[in-house]
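Hi,

Here is the structure I said I would pass on.

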Amino acid sequence: MSITDYVIQTAYELEESKRYQRRKQAVYDLLENPHSRIRPYFDIFMMLLVISSVFILLFSVKHHLGAWAGWFENAVLVFFVLEYLGRLWVYDDVHKVVLEEYEKSELINEPYRLSKAFRAVFRSKWRYISSPMAIIDLLAILPSYRALRILRLFLLFRLFKVFRYAQSMQQFGSILQEKRVELVTLFGFLMFVLLVASSAIYLFESPQAGGHVEGFFESIYWALVTISTVGYGDITPHTVEGRMVTMVLIVSGLGVISFFTSIIVSAFQEKMGEVRDRRVAMLLEKERGYTVICGFGRIGQVVAEYLARDKLPFVIIERDEEAVQLARRQGYLVVQGKAERIGLLRTLGVGRQAGKVLCLTGDDVINVFVTLSARQLDSNIEIISRANHHQTLNKLKLAGANHALEPFKIVGLIAGEYVGQPVAFEAIHDIVMGENDITLESIKVPCDSWMDGKTIGELPLEDMRLILFGVITSPDRSSDHVRSHFDLKSLRFQFNPGADFVLLGDDMLLVFGHKYSVLHIRQKLKSATYSG
């Protein structure tokens, strides 16, 4: 087998190897994946390692350190080298580059040259090697070669590695990157002013002209100190011409500083919304199964109030500035933007950690688009959507909504019930609203808990001051011990089952009772056995 055939065969084996892909994905999650749960811990560890290595360098200036300092430096070197090689490895897939070149050659029926594939691989890797952060990583490794003592100066470049691990510093770097055109223009103007001013002061303030500027480097130093408006005073002009240059340079310095400040301020203003959104996304990374509320109108505000009362995690997407400010004043996590944007939903965890999406905007078209986007990201996520018009119900269900509700129709039905039975309505209303600490709650029966396999009659509901309203089960469960039942979309509601009804894991009890009684039974369900 020739070398070319061996390389191609190896590339195909790597492409099909699940083990290789899992290992590479694990390294990517550790080093690069912004949504990985383990990466924040790795970033903290690496920051502590960087700061410790630099601190030991500074401490060794006036103190003698033992052999342990060398061992520590070698350990740091190993971590940095492994990190550098790991990032170089996950930057791209070498085997895919080789196969792409091979398939191109097969497509156009020309001989496959391995050298061409290697050049393509080198170009791809060089893009990473020549990137600013990769250069900093390399400079952080170089000081460990003790034979080149001058390279210990580059040990300070390890401090720049902190930019890689600190999110706030990365955001600051991205802001500067977006304003690079303005900053480069300002830097060019600054270099021109410094060159003119240092040349002029060198001519007018040389010892031959009656000044004290000994060399051109001193003139550059003076010009830089003066244009920054610091003015140490160690070098001062004595000639009239030199003082005129100083006055012009001070005015120019004020302009440069003002221009630079305006660039940074405008950049932060433009990016402040994105910075807030990233902060919200980072906070959500720690949560699982939270709710995404799309729309913070009248209905969205009520839903958010109830979720906050029950201490359930949620995040709000709202495009209106006033509604966003209202949500922030109430302490909610909120992102300003268009909820139908699939990128925004993905950023907020739809498709990963999010458990529910509520489409509660006043526009049925937006609700349909949000439903489509959320269903595309996650085929299993629960979507509840608001339908402002009856003809939108089928569209929402076709788009992927699990439940579509008509709020205006519901309000009309409630008003009709209130007219016919006002006393009963007020009692149920107070229970549902929780105004007297009496509530209607659902309690899920955990598998293998003390409630799993018990009958209704065996439950200590009376001792806990709870009244059973019904049980939600799978649709194939028997209803022999139930007074009445009706089927939901994928479940069955067993109304007021008899004492012989047997509960199974994942069944859900609907009970009336005091909130403390509900909390008590939920705590008891966390244990394997019940103790009264």
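**Salt bridges**

R39 and D43 are both buried (buried means under 20% relative accessible area, exposed over 50%, partly exposed in between, with a 1.4 Å probe and protein chains only). Before I go on, the ground rules: this is a predicted model, so local features need pLDDT of at least 70 and side-chain atom pairs count only at pLDDT 80 or more, while totals for chains, interfaces and linings use all residues. Residues are numbered from 1 along each chain as its sequence is written, and side-chain values use heavy atoms, with hydrogens and water left out.

Back to that pair: R39 makes a salt bridge with D43, with 3.4 Å between the closest N and O atoms. A salt bridge here is a side-chain nitrogen of Lys or Arg within 4 Å of a carboxyl oxygen of Asp or Glu. The two residues are about one helical turn apart, because they sit four residues from each other in helix α3 (residues 39-59). Helices (H or I, at least four residues) and strands (E, at least two) are DSSP runs, numbered from the N terminus.

Searching the whole structure turns up nine salt bridges. One of them joins the side chains of K24 and D93 at 2.5 Å, N to O. That pair links distant parts of the chain, 69 residues apart: K24 is in helix α2 (residues 18-31), and D93 is in the loop between α4 (67-90) and α5. K24 is buried, at 7% relative accessible area. K24 and D93 also belong to a salt-bridge network with K96.

Another one is R319 with E340, at 2.8 Å, N to O. R319 is in the loop between β2 and α14 (321-329) and E340 in the loop between β3 (334-336) and α15, so the bridge ties together parts 21 residues apart in sequence. Both ends are partly exposed, R319 with a relative accessible area of 40% and E340 with 23%.

**Strands and crossovers**

Strand β5 (residues 382-386) is mostly covered, with four of its five residues buried. On one side, β5 pairs in the parallel sense with strand β4 (residues 356-359) over four bridges; two strands pair if DSSP finds at least two bridges between them. Within that pairing, C359 has S385 of β5 as its bridge partner. Getting from β4 to β5, the chain runs through helix α16 (residues 364-377) in a right-handed β-α-β crossover. Right-handed means that, with the strands pointing away from the viewer, the path from the first strand over the helix to the second runs clockwise.

β5 also pairs in the parallel sense with strand β6 (residues 403-405), over three bridges. There S385 stands opposite A404. The chain then goes from β5 through helix α17 (residues 393-399) to β6, in another β-α-β crossover that is right-handed.

**Inside and outside**

Where does the largest nonpolar core have its most contacts? The core has 29 residues, and V292, I317, V350 and V357 have the most contacts inside it. A nonpolar core is a set of buried Ala, Val, Leu, Ile, Met, Phe, Trp, Tyr and Cys residues joined through side-chain atoms within 4.5 Å. Elements that each supply at least two of its residues include β1 (291-294), β2 (314-318), β4 and α17. The largest share, five residues, comes from α16.

Helix α10 gives the largest share of the patch, four residues. F204, in α10, is partly exposed at 33% relative accessibility.

Most residues other than glycine have a negative phi. D448, not a glycine, has a positive phi of about 65°, and R465 has one near 60°. D448 is in the loop between β7 (438-444) and β8 (466-473), and R465 is in the loop between β7 and β8 too. D448 is exposed at 69% relative accessible area, and R465 is exposed at 63%.

Cheers
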